[in-house]
Amino acid sequence: MADVNRGKRPLSPHLTIYRPQLTSITSILTRITGNALILAMLLIVWWFLAAASSPDYFAIADGVLRSWFGDLVLVLSLWALWYHTLAGVRHLIWDSGAMLEIEKAEMLGKLVIGGSVLLTLLTVAIV
């Protein structure tokens, strides 16, 4: 019965029709960084387990983490941590009912992106 008018009804617009907004992109990125942090945590736990196992196994894990790939993963994880933290603060602000207007919400999104990059660079420079 539901298929009777299927060909005559207009289809709902989807991702191919709508232009992604900054708030939606930053929201999706918050979810992605949360999951990426889980993977980074597993890599660090692997490093700790290798340290507790044997010197040979630790040398392998330590070699991976000290390689260019390990450095890249750790710096990106640091950025993801800063981004996820600032996005969480942004959501706390929104939960209070503040800054929900489109212009202010977009400003918060830009601050989250810029702030996470700046804090990552400062952290890498200091450490």
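Predicted model: local features only at pLDDT ≥ 70, side-chain atom pairs only at ≥ 80, totals over all residues.

**Entry 1: H1 against H2.** I began with helix H1 (residues 22-53) and H2, whose axes come within 7 Å and cross at roughly 150°. For my own record, axes are lines fitted to C-alpha atoms, for helices over the stretch in contact, and angles run from 0 to 180 degrees between N-to-C directions. Helices are DSSP runs (H or I, at least four residues) and strands likewise (E, at least two), numbered from the N terminus. H1 and H2 are therefore roughly antiparallel to each other; angles over 145 degrees count as that, under 35 as roughly parallel, 65 to 115 as roughly perpendicular and the rest as oblique. H1 passes H2 in a left-handed crossing, a term for the near helix being turned anticlockwise from the far one by less than a right angle, with clockwise giving right-handed.

I then listed who touches whom, taking contact as heavy atoms within 4.5 Å. H1 brings Leu-43, Trp-46, Trp-47, Ala-50, Ala-51 and Ser-53, and H2 brings Tyr-57, Phe-58, Ile-60, Ala-61, Asp-62, Val-64 and Leu-65. By class, I noted 11 nonpolar residues, one polar and one charged in the contact of H1 with H2. Here Ala, Val, Leu, Ile, Met, Phe, Trp, Tyr, Cys and Pro count as nonpolar, Asp, Glu, Lys and Arg as charged, and the others, Gly among them, as polar.

**Entry 2: ground rules.** Residues are numbered from 1 along each chain as its sequence is written, and side-chain values use heavy atoms, with hydrogens and water left out.

**Entry 3: Ala-50.** Is Ala-50 buried or exposed? Ala-50 is buried, with a relative accessible area of 0%; buried means under 20%, exposed over 50% and partly exposed in between (1.4 Å probe, protein chains only). Ala-50 lies in helix H1. Leaving aside neighbours within four places in sequence, I found Ala-50 in contact with Tyr-57, Phe-58 and Ala-61. I also checked Ile-60, which is 10 residues from Ala-50 in sequence and 8.2 Å away in space, C-alpha to C-alpha.

Entry 4: The end C-alpha atoms of H1 are 46 Å apart, which agrees with the 46 Å its 32 residues should span at 1.5 Å a residue. The expected span is 1.5 Å times one less than the number of residues. Which residues of H1 are buried? They are Thr-26, Ser-27, Thr-30, Thr-33, Gly-34, Leu-37, Ala-40 and Ala-50, and they pack against H2, H3 and H4.

H1 and H3 pack at about 135°, with their axes 8 Å apart. H1 and H3 are therefore oblique to each other. Their crossing is left-handed. The contact includes Thr-30, Gly-34 and Leu-37 of H1 and Ala-80, His-84 and Ala-87 of H3. I divided the contact of H1 with H3 into 13 nonpolar, eight polar and one charged.

**Entry 5: H2 against H3.** Helix H2 (residues 55-66) and helix H3 (residues 68-95) have axes that come within 4 Å and cross at roughly 65°. That makes H2 roughly perpendicular to H3. Val-64, Leu-65 and Arg-66 of H2 meet Trp-68, Gly-70, Asp-71 and Leu-74 of H3.

**Entry 6: Met-99 and H4.** Met-99 has a positive phi of about 55° although it is not a glycine. Met-99 is found in the loop between H3 and helix H4 (102-126), and is partly exposed at 24% relative accessible area.

In H4, I marked Ala-105, Leu-108, Gly-109, Val-112, Gly-115, Ser-116 and Thr-120 as buried; the buried residues of H4 pack against H1 and H3. Val-124, also found in H4, counts as partly exposed at 42% relative accessibility. Beyond its neighbours within four places in sequence, Val-124 is in contact with Val-75 and Leu-78.

**Entry 7: the whole protein.** Buried residues make up 20% of the 127 residues.
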